Amino acid sequence: MKLRRAVTALCVVGAAGLVPLVTATAAQADHSTCVNYIGNHGYRVGPKVKAACNNKALDMPIGKVANPFCLKGLLTIHVRNDDAQAACKRA
């Protein structure tokens, strides 16, 4: 449980540093791959998963990075960290 709290705190801190670096994205992002990934890994897909997956992955010079808001949303509803990371990179 302490690890989950630490990851959540890290996501919030990371988001504060990354948000100014990210350019605005389209309001209607395609998040179906994120949602499908979660569903295909045995999780129930509901409004909280869909809301988390609306936070598009960040395109960084090193490649796609999971959006901290997507991660926080999925971790809050008890998606395993590995699954959340993989799904959010697909958002």
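This is a short talk about a predicted model of one protein chain.

Okay, confidence before anything else. The protein chain averages a pLDDT of 81, and 67% of the residues score at least 70. Helix α4 comes out highest, at a mean of 98, while α1, residues 2-18, is lowest at 52. Where pLDDT is low, the predicted coordinates should not be read in detail, and I'll move on.

On to the core. The largest nonpolar core has 18 residues, and among those with the most contacts inside it are Cys34, Ile38, Leu74 and Cys88. Helices α2, α3, α4 and α5 each supply at least two residues of this core. Ala87 is another of the residues with the most contacts there; setting aside neighbours within four places in sequence, Ala87 is in contact with Cys34, Tyr37, Ile38 and Leu74.

So how do α2 and α5 pack? Their axes are 7 Å apart, at an angle of about 155°. That's over 145, so α2 is roughly antiparallel to α5. The crossing is right-handed. On the α2 side you've got Thr33, Cys34, Tyr37 and Ile38, and they meet Asp83, Ala86, Ala87, Cys88 and Arg90 in α5.

Last stop, Asn67. You'll find Asn67 in the loop between β2 and α4. Buried or exposed? Its relative accessible area is 9%, and under 20% counts as buried, so Asn67 is buried. Not counting residues up to four places away in sequence, Asn67 touches Asn55, Lys56, Ala57, Leu58 and Cys88. And Cys88, remember, is one of those core residues with the most contacts.

How values were computed
Residues numbered from 1 in each chain as written. Predicted model: local features only at pLDDT ≥ 70, side-chain atom pairs only at ≥ 80, totals over all residues. Heavy atoms only, no water. Helix = DSSP H or I, 4+ residues; strand = E, 2+ residues; numbered from the N terminus. Buried < 20%, exposed > 50% of the residue type's maximum accessible area, 1.4 Å probe, protein only. Contact = heavy atoms within 4.5 Å. Core = buried A, V, L, I, M, F, W, Y, C linked by side-chain atoms within 4.5 Å. pLDDT = per-residue confidence, 0-100. Axes fitted to C-alpha atoms, helices over the stretch in contact; angles between N-to-C directions. Parallel < 35°, antiparallel > 145°, perpendicular 65-115°, else oblique. Left-handed = near helix turned anticlockwise from the far one by under 90°.
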